[in-house]
Amino acid sequence: YILYAMNSSIVSQSQMLKYLSIVILVICSSMPAWAQVPIGLYQDVLTRSDTLWVDVILGEDDLLDSAAIDAIYAFSFSVHTSDGLTFIGISALYTLTAIDGWSSAFSVDNGKVGGFASRQNAISKSGILIRLQFLISGTDTYEELELTNFRLNGGDPDHIPAVPSLRIDLE
């Protein structure tokens, strides 16, 4: 219709500009709004002699709706702890990344954690993204954990909080 209108001598330039303005307005206003994805941390029950598992939670209450945001096909972050916690591993068992097509890795040397999949195997619902394992070696009444440089799909969608953190009470 646009090509026909452009070649027609019946439609004036001002009418064409009005039409194109309306089309552009409709296209822009029908785009989904990009939401921030909540990221949370949940610690398992522990005793001082145990290792500690911390779940990295993606979204909440089915917030990740594939119609609202792109699905998650990659994640990366760095683990930082207080002196009494030592990062020793990850597990994808019983997580969103436990499905075929996902690969996850970590380094205890630099604290980096990452995972990726093809877009066909992307995550489009909330749940446990990955589980982190720590050794408790401190004698303080609490320890702290922060996940810095957190990225989903290389930064799109964004997430909240900007630096997920957790205070782990040991009493």
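Which residues have the most contacts inside the largest nonpolar core?

What you see is a predicted model, so local features need pLDDT of at least 70, side-chain atom pairs count only at pLDDT 80 or more, and totals for chains, interfaces and linings use all residues. Residues are numbered from 1 along each chain as its sequence is written, and side-chain values use heavy atoms, with hydrogens and water left out.

First, the overall layout. The protein has two helices and 10 strands; these are DSSP runs, numbered from the N terminus, with helices being H or I of at least four residues and strands E of at least two. Along the sequence the pattern reads α-α-β-β-β-β-β-β-β-β-β-β. Of the 171 residues, 35% are buried, meaning under 20% relative accessible area with a 1.4 Å probe, counting protein chains only. Contacts here are heavy atoms within 4.5 Å. Among those between residues at least 6 apart in sequence, 71% join residues at least 24 apart.

Now back to my question. The largest nonpolar core has 31 residues, and those with the most contacts inside it are Val56, Leu58, Phe77, Val79, Leu132, Phe134 and Leu147. By nonpolar core I mean buried Ala, Val, Leu, Ile, Met, Phe, Trp, Tyr and Cys residues joined through side-chain atoms within 4.5 Å. Strands that each supply at least two residues of this core include S2 (51–58), S3 (74–81) and S8 (142–152). The largest share, five residues, comes from S7.

Let's zoom in on Phe134. Leaving aside residues up to four places away in sequence, Phe134 touches Thr51, Leu52, Val54, Val79, Thr81, Leu85, Thr86, Phe87, Ile88 and Leu145.

On to the strand pairing, which calls for at least two DSSP bridges between two strands. Five strands form an open sheet in the order S4-S7-S2-S1-S9, with mixed pairing. At the edges sit S4 and S9 (159–160), each pairing on one side only. S9 runs parallel to S1, and two bridges join them; in this pair, Pro38 stands opposite Ile160.

And what about S3? Six bridges join S3 to S8, and the two run antiparallel; here His80 has Glu146 as its bridge partner. S3 is also antiparallel to S6 (residues 112–116), through five bridges.

Key. Buried means under 20% relative accessible area, exposed over 50%, partly exposed in between (1.4 Å probe, protein chains only).
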